[in-house]
Amino acid sequence: MRTAFFADIHANREALEACLSHAELYDINRYAFLGDLIGYGADPGWVLDVVRDHHERGAIAVLGNHDEAVSLPIPNKTMSNEAQYAVDWTRSRITTAQTQFMEKLPLTVEESDSLYVHANAWAPGDWEYVVSVTEAKQSLAATLCRLTFCGHLHHPALYNQGIADHVVPFTPVPGVDIPLVPNRRWLVVLGSVGQPRDRNPAACYTLYDSVRNMLTYFRVPFDVEAAARKIRAAGLPDWLGARLAMGV
Amino acid sequence: MAAEYLAPGSALGGFKIEKLVYTGGMSTIWSVTREDMTIPLVMKVPRCKNGDDPSSVVGFEVELMILPKLTGRHVPRFIKAADFPHQPFIVMEDIPGGSLDEQRTEAPLPPDAVATIGAQVALALHDLHRQYVLHLDVTPANILFRKSGEAVLIDFGLSRHDQLPDLMAEEYQLPMGTAAYISPEQVLRVRSDPRSDLFSLGVILYQLTTGELPFGDPRGMAGLAMRLYHEPSPPRALNKECPPWLQEIILRCLEVDPEQRYGSAAQLAFALQNPDQVALTSRADRVKRADLWTGFKRWLKYQKSGPIAAGSVARHLDTVPIIMAAVDIQPGMEALSDTLRQAVQRIFKTEQNARLTCVTVRKTPLVGLDLGVDSKGRNLHIQSLVSLKHWARALEIPEDRISFHVLEAPDPAAALVAYAKSNQVEHIVIGARSSSTLRRFLGSVSSQVVAQAPCSVTVVRVPHADDIMRSDATGYAGHG
């Protein structure tokens with residue numbers, strides 16, 4: 001089974017299109033969208049339709065903090081002004097059906113030995129980040145699953161835990177197959193499709209082959225200028241477009 | 001999960017168990033067969049009881065991650081593996097030639113034999129490093145030889161792949177390696193420098209040359225740390241047959257600071273293959289180990305040294321290439337050879353640690369006798385060498401990073417390509433004469449080199465030069 005993971009798309013049509021078309025080369029059996037479908041970018045409606053379409057055909061999809069914020073009656077205090085502005089803007093640009101699709105997304109999906117979640121395993125709805133070994137340990141301790149897939153941080157990372165309980169961090173190299181050795185537990189932090197923040201502006205998505213036990217992070221270039229132009233044209237903060245070119 | 005039920009005649013993972021080859025602390029090795037496989041195979045089975053032996057389990061996991069990714073003649077071919085929670089095993093090609101451990105017992109070996117073995121191991125290490133892997137446990141027992149003489153590295157249980165998570169990194173508080181051969185930086189738990197493998201190879205070369213281990217076979221952390229400040233006796237003090245160039249090479253490998261060792265395994269192989277090109281320093285003259293005061297200063301430095309910055313194999317190798325300048329030193333080619341020198345100079349400005357090998361070809365007749373002297377009886381080989389050194393003088397590259405070779409061959413392009421292959425050259429810089437109809441028709445040396453070289457080739461031309469209509473029959477430049 002080959003699953004393609006997309007997290008933190010953030011309404012970036014150009015980035016998602018580039019990743020989906022890249023993934024077509026790999027004979028994907030299933031798609032997984034791990035939260036933050038919208039926010040920041042100018043194409044929330046298009047992204048939601050694509051994800052909903054995949055979801056109806058069996059794709060995994062979980063809720064992200066930006067997705068949740070669209071349905072919240074009061075502003076979320078943990079969000080930056082720009083993020084909140086983008087959430088409010090998004091609310092006015094999507095249909096009721098699109099909103100309802102998002103509202104119904106679960107915080108987590110669990111199957112056999114894998115957990116899918118947007119932020120972390122210990123409190124999925126509190127939206128805390130896995131930024132280091134400390135949080136990675138906390139997350140791994142909160143689930144019995146051998147594999148945890150999450151997003152939220154916008155920095156790709158991979159943690160593993162052996163029998164001696166140590167958690168080892170690793171920064172994945174794009175395009176290199178990483179064997180997820182079965183005797184270990186793994187926490188896969190996906191990079192962001194629509195707003196990478198690791199100084200590499202290319203969109204990030206990840207492939208997991210459960211038969212070969214192989215994980216691969218990909219970086220896919222997309223038309224950053226077009227995405228930024230649309231953000232400006234939509235009246236969203238300029239910085240949300242400018243940061244895409246810098247990958248921050 | 002114990003493998004006690006394995007016995008000759010039993011089967012595992014589609015393989016028939018033939019016989020027990022080896023029993024070690026971490027694993028057992030069985031010779032196995034499978035109907036569709038014609039090459040000899042071995043199966044490595046980790047020894048672990050219900051997963052309570054972390055070192056053998058992690059070592060097995062590391063090997064399982066790395067071995068399937070490796071290719072080439074210097075590693076055993078990976079066939080199949082199974083992992084926990086089933087009975088884990090790895091099946092790989094058997095290398096029947098025996099290990100260096102057997103030759104080690106015959107030490108001291110003659111210098112030429114040491115250099116030949118050392119060069120083969122260094123070439124194998126370079127091939128491994130190029131695939132982003134540090135071995136980190138280079139010992140005689142982990143070096144096998146094919147019948148063709150090529151070295152094969154085995155046992156990747158302590159290795160590190162630059163592009164994969166390092167499962168060993170956080171697992172243990174003690175340095176991981178074999179006490180007699182471990183590098184100083186591994187003692188300090190740094191696992192990211194390819195030159196660590198050169199240190200271990202240096203220990204092996206020392207042992208093959210003298211019959212002794214430079215730092216003994218210590219037990220415990222204090223014993224291991226001795227190599228950070230305690231200099232070994234110079235090989236020539238133990239074996240008078242050891243020539244200065246071999247002592248120079250061995251002691252350079254055994255430098256405490258990786259920066260002072262060879263930049264890459266390819267550079268070490270180059271030195272071992274070209275003893276006459278080894279630039280001798282004070283290392284070659286040493287007759288006894290450093291005095292107590294020097295040892296004390298080193299010890300102080302060790303006490304003060306913090307953790308060494310972690311590097312990357314790939315990034316490191318990129319900075320230490322062997323670059324080859326193919327120079328046409330014939331009269332009349334001055335403009336082209338000047339342009340070539342400028343190109344080499346530009347490359348060396350960014351490649352601070354690169355090594356330059358200057359090569360020229362003296363074309364010998366395909367048929368008939370080559371007297372090797374000109375009409376005045378002067379030795380043509382020496383004349384070529386003098387001209388080549390003169391060409392390189394303006395580059396001002398230190399003596400220990402430059403060498404000169406005059407090849408004599410009827411086919412200059414083939415000779416240049418063969419040289420590049422056997423010396424692990426990563427970049428050839430060659431001049432091309434301006435285009436002419438004749439050359440286009442006959443083909444040129446530089447275009448042949450571009451087509452057949454095992455590495456990158458930069459073709460240099462004199463900008464806007466007049467088309468010099470010379471015969472191309474004797475030179476090896478041409479349109480690239």
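A residue counts as buried if 20 or more other C-beta atoms lie within 10 Å of its own, as exposed if 12 or fewer do, and as partly exposed in between, with C-beta atoms placed from the backbone. The model shown is predicted: local features need pLDDT of at least 70 and side-chain atom pairs count only at pLDDT 80 or more, while totals for chains, interfaces and linings use all residues. Residues are numbered from 1 along each chain as its sequence is written, and chains are lettered from A and ligands numbered from 1 in the order in which they are written.

View 1. Asp113(A) is found in the loop between β4 (108-111) and β5 (114-117) of chain A. Helices (H or I, at least four residues) and strands (E, at least two) are DSSP runs, numbered from the N terminus. Asp113(A) is partly exposed, because 14 other C-beta atoms lie within 10 Å. Leaving aside residues up to four places away in sequence, Asp113(A) touches Cys145(A), Arg146(A) and Leu147(A). Two residues are in contact if their C-beta atoms, placed from the backbone, lie within 7 Å. Cys145(A) is 32 residues from Asp113(A) along the chain, and their C-alpha atoms are separated by 4.6 Å.

**View 2. Strand β11 of chain A and its two partners.** Strand β11 (residues 203-209) of chain A is mostly covered, with 5 of its 7 residues buried. Two strands pair if DSSP finds at least two bridges between them. Strand β1 (residues 2-6) of chain A pairs with β11(A) in the antiparallel sense over 4 bridges, and Arg2(A) stands opposite Asp209(A) in β11(A). Strand β12 (residues 214-220) of chain A also runs antiparallel to β11(A), joined to it by 7 bridges. Here Cys204(A) stands opposite Arg219(A) in β12(A). β11(A) and β12(A) form a hairpin with 4 residues between them, and Asn213(A) in the turn has a positive phi of about 60°.

**View 3. Chain A as a whole.** Chain A has 8 helices and 12 strands. Its radius of gyration is 17 Å, close to the 18 Å that the globule rule gives for 248 residues, so chain A is as compact as a globular protein of that length. The radius is taken over C-alpha atoms, and the globule rule is 2.2 Å times the number of residues to the power 0.38. Along the principal axes, the C-alpha atoms of chain A fill a box of roughly 50 × 35 × 35 Å. Buried residues make up 47% of the 248 residues in chain A. Among contacts in chain A with a separation of 6 or more, 71% are between residues 24 or more positions apart.

**View 4. The side of chain A that touches chain B.** In chain A, 15 residues are in contact with 17 residues of chain B. On the chain A side, β7 (157-161), β8 (167-170) and β9 (178-179) each supply at least two residues. The residues of this side divide into 11 nonpolar, 4 polar and no charged. Ala, Val, Leu, Ile, Met, Phe, Trp, Tyr, Cys and Pro count as nonpolar, Asp, Glu, Lys and Arg as charged, and the others, Gly among them, as polar.

**View 5. The open sheet of chain B.** An open sheet of 6 strands in chain B has the order β1-β2-β3-β4-β6-β5, with antiparallel pairing. β1 (11-12) and β5 (78-82) of chain B stand at the edges with a single partner strand each, so one side of each is left without a neighbour in the sheet. β5(B) pairs with strand β6 (residues 89-93) of chain B in the antiparallel sense over 4 bridges. Phe78(B) stands opposite Met92(B) in β6(B).

**View 6. Domains 1 and 2 of chain B.** The domain assignment of chain B gives domain 1 (11-93), domain 2 (100-313) and domain 3 (321-460); such bounds come from an automatic or database domain assignment. The centres of domain 1 and domain 2 of chain B, taken over C-alpha atoms, are separated by 28 Å. The contact takes 18 residues from domain 1 of chain B and 20 residues from domain 2 of chain B. On the domain 1 side, the residues divide into 11 nonpolar, 3 polar and 4 charged.

**View 7. Helix α3 of chain B.** Helix α3 (residues 111-130) of chain B has 20 residues and reaches 28 Å from its first C-alpha to its last, close to the 28 Å expected at 1.5 Å a residue. The expected span is 1.5 Å times one less than the number of residues. Of the 20 residues of α3(B), 14 are buried. Tyr132(B), which follows α3(B), has a positive phi, near 70°.
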